[in-house]
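Reader: Could you take me on a close look at the aromatic rings in this protein? I'd like to see how they pair up and what lies around them.

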Amino acid sequence: MEIFKNEIKHWFKSDEQFNQLYPIDIQLLASWHWTPLHVARKVAQFLAAEKNASILDIGSGVGKFCLIAAHYEPNVHFYGVEQRQHLIDYAEKANETLQLNNVTFLCKNFKDIDFKNFDHFYYFNSFYENLEGTSKIDDSIDYSTALFHSYSLYLMRQLALKPAGTRLATYHSSESEIPLGFHLVKADLDEQLKFWVKI
Ligand SMILES: C[S@@+](CC[C@H](N)C(=O)[O-])C[C@H]1O[C@@H](n2cnc3c(N)ncnc32)[C@H](O)[C@@H]1O
């Protein structure tokens, strides 16, 4: 058991180490598209506000945020919703190594998720690749500026319906998806990482 725990810990020593849970083409996307380890730890700590909370990563990619967060905050459950099935497959494959039981990946468009089922949220600028001239993950989906705006508006409306006390962490967000009522409680990393609480 102790040997297994140490083997697991070694994946969380650095981004380089963690990214090796994925194939090389996925590793090459990390600096643009997957949350760095130190950011994931800060976000996880903020969102794990109460025991048994359900936390949703909106656009979970290959699961890097959810897996790191689940490792460091075992008393809450992390859910990742992701529209690309092959990225969910990489997330689940990585978790075959990590064996975390407080993380679940859902292959859906986030618009098909019931926000009532979640207490707190993480958003790493997931709709950004819809904008022209931005770095794309692949060419498996259609991109458009209209989608960026409609997703941002939909997210804003869902967050607006959440009760007081709901926590939200945003990383590299344009803030167009943050409704009135969410109060900025802390900013970090040159204001790229922001922590919000609904009042
Ligand atoms: C910047 S990546 C972030 C990945 C992950 N949150 C992390 O931090 O490691 C954004 C992800 O959001 C996904 N995404 C974008 N729009 C989505 C939508 N409408 N529904 C579900 N997933 C979406 C993309 O496919 C991409 O994998």
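Author: Let's begin with F12, which counts as buried because its relative accessibility is 5% (buried means under 20% relative accessible area, exposed over 50%, partly exposed in between, with a 1.4 Å probe and protein chains only). A word on the basis: this is a predicted model, in which local features need pLDDT of at least 70, side-chain atom pairs count only at pLDDT 80 or more, and totals for chains, interfaces and linings use all residues. Residues are numbered from 1 along each chain as its sequence is written, and side-chain values use heavy atoms, with hydrogens and water left out.

Now for the pairs. Rings of Phe, Tyr and Trp (its six-membered ring) pair if their centres lie within 6.5 Å; planes under 30 degrees apart count as stacked, over 60 as edge-to-face and the rest as tilted. That rule gives 15 aromatic pairs. One of them joins F12 and Y72 edge-to-face, with 5.8 Å from centre to centre and 85° between the planes. This pair links distant parts of the chain, 60 residues apart: F12 is in the loop between α1 (2–10) and α2 (15–19), and Y72 is in helix α6 (residues 64–72). Helices (H or I, at least four residues) and strands (E, at least two) are DSSP runs, numbered from the N terminus. Y72 has 25% relative accessibility, so Y72 counts as partly exposed.

The pair of F127 and Y151 is tilted, because the ring centres are 5.1 Å apart and the planes stand at 50°. F127 lies in the loop between β4 (120–123) and α8 (145–160) and Y151 in helix α8, so this pair ties together parts 24 residues apart in sequence. F127 counts as buried at 5% relative accessibility, and Y151 counts as buried at 10%. Both belong to one aromatic cluster, formed by F110, F115, F121, Y123, F127, Y151 and Y154.

Charged side chains meet rings too. R167 lies over the face of F46, 4.7 Å from the ring centre, and the charged end of K186 sits over the ring of F195, 4.8 Å from its centre. For this, NZ of Lys or CZ of Arg must be within 6 Å of the ring centre and within 35 degrees of the ring normal.

Finally, the loop between β4 and α8 also holds D138, which counts as partly exposed at 21% relative accessibility. Leaving aside neighbours within four places in sequence, D138 is in contact (heavy atoms within 4.5 Å) with R84, H86 and Y143.
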